[in-house]
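Biologist: I'd like to learn how to read a model like this one. Could we go through it together, feature by feature?

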Amino acid sequence: VINMVTKDVILKAEIEAANKAMQEVLPSATSFEELDIQGKNLPKEVVKANKADNGGYVFQIEVAGYKPGIVIMCGVTADGKIASIKTIKTSETWGLESRLDGAYNDGDINSINQKIEGVAIDMTSKATSLSSKAYKTALKAALDAFQILSTEGGQENG
């Protein structure tokens with residue numbers, strides 16, 4: 001009975017949180033349209049894709065670091081650059097997501113894509129190394145998805 005009462009409230013809160021996160025990672029956009037990604041050749045890590053009214057995209061990506069279940073929202077500008085990222089959910093070491101988000105959101109948009117190949121934070125433990133690799137995997141997946149959707153139109157598998 002409680003589930004019936006709270007289900008819609010929880011769903012509404014999740015949608016509002018997702019919309020807020022999309023606005024945070026691609027602030028130059030004012031609206032977003034969720035795309036049907038079934039049958040597209042997108043990287044397996046991309047679980048949702050939203051096209052922004054300014055030509056950019058916001059991708060929701062799921063990867064595993066030290067533990068599975070890192071969910072990252074990544075904004076990609078219309079010219080194919082990462083605008084910003086935000087960790088939505090993680091079970092990694094407490095506080096690590098802010099270090100990793102901050103490593104990529106340092107205000108130097110031109111260097112963000114280069115950081116995917118290099119490590120943007122100091123490696124202090126195996127967990128940190130795995131988490132950082134997970135973030136790089138997520139960002140690469142976002143850039144690959146952008147390339148597919150913007151240049152190939154996300155052609156159907158077949």
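Biologist: Which residues is Glu45 in contact with, leaving aside its neighbours within four places in sequence?

Modeller: Contact means heavy atoms within 4.5 Å. By that rule Glu45 touches Gln60, Ile61, Glu62, Val63, Thr137 and Ala141. Keep in mind that this is a predicted model, where local features need pLDDT of at least 70 and side-chain atom pairs count only at pLDDT 80 or more, while totals for chains, interfaces and linings use all residues. Residues are numbered from 1 along each chain as its sequence is written, and side-chain values use heavy atoms, with hydrogens and water left out.

Biologist: Where is Glu45 found, and is Glu45 buried or exposed?

Modeller: Buried means under 20% relative accessible area, exposed over 50%, and partly exposed in between (1.4 Å probe, protein chains only). Glu45 has 16% relative accessibility, so it counts as buried. You'll find Glu45 in the loop between E1 and E2. Those labels are DSSP runs numbered from the N terminus: helices are H or I with at least four residues, strands are E with at least two.

Biologist: What order do the strands of the sheet have?

Modeller: Two strands pair if DSSP finds at least two bridges between them. Here five strands make an open sheet in the order E1-E2-E3-E4-E5, with antiparallel pairing. Strand E1 (32–34) and E5 are the edges, each pairing on one side only. Between E3 and E4 there are seven bridges, and Gln60 stands opposite Met73 in E4.

Biologist: Which residues have the most contacts inside the largest nonpolar core?

Modeller: A nonpolar core is a set of buried Ala, Val, Leu, Ile, Met, Phe, Trp, Tyr and Cys residues joined through side-chain atoms within 4.5 Å. The largest one has 25 residues, and Val46, Phe59, Ile61 and Cys74 have the most contacts inside it. Strands E2 (46–52), E3 (57–63), E4 (70–76) and E5 (82–89) and helix H4 (126–152) each give two or more residues to this core, with H4 providing the largest share, 11 residues. A second, separate core of nine residues includes Val25, Leu26, Ala29 and Met73.

Biologist: Where is confidence lowest, and where is it highest?

Modeller: pLDDT is the predictor's confidence in each residue, from 0 to 100. The protein's mean is 76, with 68% of its residues at 70 or more. Helix H3 (residues 109–115) is lowest at a mean of 49, and E2 is highest at 96.
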